[in-house]
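Q: I have a chain open and would like to talk it through with you. Can we start with a charged pair and then work outwards?

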Amino acid sequence: MDGFKTEEEQVEALKKWWEENGKSTVAAVVIGVVGYFGFNAYQDHQDQRVGTATALQGQVLQALQAQGDDSIVTAKTLANQVVADYSDLAVANQAKLALAKIAVEEGDLDQAATQLSEVSASEGEFALIASYRLAVVKNMQGDVDGALAALPADQAGFESLFQELRGDLLAKKGDTAGAIAEYEKVIGAEGDVAYARRELIKMKLNQLMGTES
C-alpha cells in the first residue's frame with residue numbers, strides 16, 4: 001500500500017480487499033484456533049486415559065503380588081477392565097499378560113494361549129515377552145510344533161533365551177542335532193549368558209551328546 005498516492009486511496013483499497021477476502025480470512029483464523037484448542041483438548045483427554053489405564057494396571061500388579069483368592073479375582077476384574085476400556089493403549093497388552101499368567105496358574109492353558117497369541121501378534125513392546133510365554137504354554141499343552149512356530153524371527157537382543165528354549169523343544173521332539181546346535185549358540189554367545197545358566201546349558205548339551213554317541 002505504500003505505493004498509493006493518497007490516504008483515501010489506501011482506505012478504499014483496504015475496504016475492497018476486506019470485501020473480497022475478509023470473510024475467508026476470519027474463517028481461516030477461526031478454524032485454526034478451533035483446531036489448535038481441539039487438538040490440545042484431545043491430547044489432554046488421551047493423557048488422562050493413559051494415566052487412568054496405567055493406574056488400573058498398577059492395581060492389577062499389586063493384587064497379583066498380594067496373592068489369595070480375593071486378590072486374584074480383583075486382578076482379573078481390573079485387568080479385564082483395562083482390556084475392555086483401553087484396548088488401543090499398550091497397557092492393554094500388559095493386562096493380557098497378567099490374565100495369561102493367572103490362567104496358567106489356574107490350569108486354563110487354552111485361555112492363556114489365547115491372551116498370549118493376541119499380544120504376540122501385536123506391534124507393542126510386550127509382543128516379544130508374549131511370544132516366549134506362548135511357546136512355553138504350547139509346550140505345556142504338548143504342542144511342540146506349535147511352540148516352535150510361536151518363536152519369533154526377530155528376537156531383539158534376547159536371542160540366547162529363545163535359542164535355549166528352541167533347543168529344549170527340539171530335544172523334546174527328538175531332533176538331537178538341532179538341539180545341540182541351539183545350545184552351542186548359547187554357550188558361544190559372549191557376555192550375554194550368566195555363568196550359572198551357561199553351566200546348566202552345558203549339562204543339557206553334554207547329556208544330548210552322550211545320547212547321540
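A: Gladly: the side chains of arginine 166 and glutamate 182 meet in a salt bridge at 3.4 Å, N to O, where a salt bridge is a side-chain nitrogen of Lys or Arg within 4 Å of a carboxyl oxygen of Asp or Glu. The pair links distant parts of the chain, with arginine 166 in helix H7 (residues 159–173) and glutamate 182 in helix H8 (residues 176–188), 16 residues apart. Helices here are DSSP runs (H or I, at least four residues; strands are E, at least two), numbered from the N terminus.

Q: Is glutamate 182 buried or exposed?

A: Glutamate 182 is buried, with a relative accessible area of 8%, whereas arginine 166 is partly exposed at 33%. Buried means under 20% relative accessible area, exposed over 50%, and partly exposed in between, using a 1.4 Å probe and protein chains only.

Q: Before going on, what kind of model is this, and what are the ground rules?

A: This is a predicted model, in which local features need pLDDT of at least 70 and side-chain atom pairs count only at pLDDT 80 or more, while totals for chains, interfaces and linings use all residues. Residues are numbered from 1 along each chain as its sequence is written, and side-chain values use heavy atoms, with hydrogens and water left out.

Q: And where is confidence lowest and highest?

A: The mean is lowest in helix H1 (residues 7–66), at 74, and highest in helix H6 (residues 144–150), at 97; pLDDT is the predictor's confidence in each residue, from 0 to 100. The protein chain averages 85, and 80% of the residues score at least 70.

Q: Back to the charges: how many salt bridges does the structure hold?

A: The structure holds eleven salt bridges. One of them joins lysine 204 and aspartate 168 through their side chains at 3.0 Å, N to O. That pair also links distant parts of the chain, since lysine 204 lies in helix H9 (residues 195–212) and aspartate 168 in helix H7, 36 residues apart. Salt bridges that share partners join Glu164, Asp168, Arg197 and Lys204 into one network, and aspartate 168 is partly exposed, with a relative accessible area of 27%.

Q: Which residue does lysine 76 pair with?

A: The side chain of lysine 76 meets that of glutamate 106 in a salt bridge of 3.4 Å, N to O. Lysine 76 sits in helix H2 and glutamate 106 in the loop between helix H3 (91–105) and helix H4 (109–120), 30 residues apart. Both count as partly exposed, lysine 76 at 29% relative accessibility and glutamate 106 at 48%.

Q: What about helix H2 itself, which residues there are buried?

A: Ser71, Ile72, Ala75, Leu78, Ala79 and Val82 are buried in H2. They cover an arc of only 135 degrees around the axis, which puts them on the same side of H2, the arc being that of the directions from the helix axis to the C-beta atoms. On the other side of H2, Asp69, Asp70, Val73 and Ala84 are exposed.

Q: Why would buried positions line up like that?

A: An α-helix has 3.6 residues a turn, so residues three or four places apart point the same way.

Q: Last topic: how many helices and strands are there overall?

A: The protein chain has nine helices and zero strands. Of its 213 residues, 34% count as buried.
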